[in-house]
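Visitor: I would like to learn how to read a model like this one. Please take me through it feature by feature.

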Amino acid sequence: MSLNLSVIGTGYLGVVHAAAMVQLGHTVVAVDVDEAKITQLSAGKAPIYEPGLPELLAAALATGRLTFTTDYGRAADAHVHFVCVGTPQRPGENAADLRYVDASFEELAKHLHGPTLVVGKSTVPVGTAQRLDEMLRAKAPGGPDVTLAWNPEFLREGFAVKDTLHPDRLVYGVEAGPRGERAKALLDEVYAATIADGTPVVVTDFATAELVKASANAFLATKISFINAMSEVCEAAGADVVSLAEAIGHDDRIGAKFLGAGIGFGGGCLPKDIRAFMARAGELGADQALTFLREVDAINMRRRSRMVDIAREQCDGSFIGKRVAVLGAAFKPDSDDIRDSPALSVAAQVRLQGAHVTVHDPQAMDNARSKWPDLSYADSALEALQGAHVVLHLTEWQEYRELDPKVAAEHVAQRRVVDGRNKLDVARWTAAGWTLRALGRPTAL
Ligand code: UGA
């Protein structure tokens, strides 16, 4: 059945969710307080770089079943409201900043006059759904008829469209009893096409649904920091973390994914989510359970410093008067997102220590320029390499993996490259006369 849906918030999550819901056959009103963004989206222009999103958005708009607005009132009649606003880290603290979630629920509540389902998708500290459920019942004019469900989102940037249309699983946090059953039935209708494809559904309570999201991201962060901890030991022992990861990854119980050793995780999710998780566990008196996440965070940050140290070694011990080429600014490839980007964090540290740093990224240049105006930027990878004493490969875009090391060699002052993502073809680069250093790998490769 085709339903009327609203999507509140048109960030990374909301914009993809809104367009994907149209693809699933529904009619969607997407609401955001940012007028400029709404104008842009109404014209079919995606505000972020995300593979497949422009096509999905264009197809959704062409159906006439997708509208963008700043007016919450236009969302009032939807059968289901999805709240997709951000929960960034609170400045100067570890905890999540819930101001956007609270504001959007408060604003939405004013417009809920009859039976309807509100679905939270944002990543929130456990306990938030319960609090918001009570708020909706107290403040929405249709109070007792308004039901809440928590339906966390697990999409990855770069794969957002695929992950939204074909998720690994759906999780519904609902209350016990008939209201919860109605919420489940309605969510089953929303996701009917996805469920028909075989997507498993886990139905649980609010708190568990919130914790599923926090623990999934904590697990992924831990897996990355685990392999990066092995990297540190490999460096001390003269061993090779890439072979090690391959070998342990063959064990199905461990799995090969998320064992990519390098400069570690960044972005708008994993770093702030593990910190918010620790902060919330502390409030609940369970801080001891998550002290290991402090180490996960520390290992992750140490990799950035280690990258800077290896780069300095490759500049013969000092960055003063040296030119450093940085390949990559986004926190991961196939994204223009630079939030907590390990690449830019390394670039900034290198610059602070006296190098002239030139950055290139296939998609994130505008974002990088506005946030880090002190760095220099080049329009192409080869231009960034011009006169470089060392090249730092920090975000593993396909373009950099395909870079011809022989051609690259013609542009640099010294053939020295440090692979911060362990993705360059060592044999090709060394055959072209480069000295290649990498994190967690023997010095002579
Ligand atoms: C992450 C989760 O993977 C999603 O499931 C989740 O929905 C999302 O956060 C979120 O909470 O919204 P995302 O931040 O898009 O998704 O990116 P990831 O693919 O998880 O990568 C995160 C970081 O880890 C990147 O900086 C990446 O370069 C790094 N990484 C990833 C590694 O250093 N090694 C790896 O093996 C894998």
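Visitor: Which residues does L392 touch, not counting residues up to four places away in sequence?

Guide: First, the ground rules. This is a predicted model, with residues numbered from 1 along each chain as its sequence is written. Local features need pLDDT of at least 70, side-chain atom pairs count only at pLDDT 80 or more, and totals for chains, interfaces and linings use all residues. Two residues are in contact if their C-beta atoms, placed from the backbone, lie within 7 Å. L392 touches A311, V324, A325, V326, L327, V346, V418 and G420.

Visitor: Which residues have the most contacts inside the largest nonpolar core?

Guide: In soluble globular proteins, nonpolar side chains tend to be buried together. A nonpolar core here is a set of buried Ala, Val, Leu, Ile, Met, Phe, Trp, Tyr and Cys residues joined through C-beta atoms within 7 Å. Buried means 20 or more other C-beta atoms within 10 Å of the residue's own; exposed means 12 or fewer, partly exposed in between. The largest core has 132 residues, and A19, V324, V326 and L392 have the most contacts inside it. Its largest share, 10 residues, comes from helix α9 (residues 206-237). Helices (H or I, at least four residues) and strands (E, at least two) are DSSP runs, numbered from the N terminus.

Visitor: What is the strand order in the open sheet of six strands?

Guide: Strands pair if DSSP finds at least two bridges between them. The order is β11-β10-β9-β12-β13-β14, with parallel pairing. β11 (376-377) and β14 (435-438) are the edge strands, each pairing on one side only. Strands β9 (residues 323-327) and β12 (residues 390-393) pair over four bridges. A325 has V391 as its bridge partner in β12.

Visitor: Which residues of strand β7 are buried on each side?

Guide: In a regular strand, side chains alternate between the two faces of the sheet. In β7 (residues 170-173), L170 and Y172 are buried on one side, V171 and G173 on the other. β7 pairs with β8 (residues 201-204) in the parallel sense over four bridges. In β8, V201 is the bridge partner of L170.

Visitor: How many residues surround the ligand?

Guide: A residue is near a molecule if its C-beta atom, placed from the backbone, lies within 6 Å of it. Here 22 residues surround the ligand, and the closest are E157, G260, F265, G267 and C269. α9 supplies the largest share of the shell, three residues. α9 and α11 (270-283) each supply at least two.
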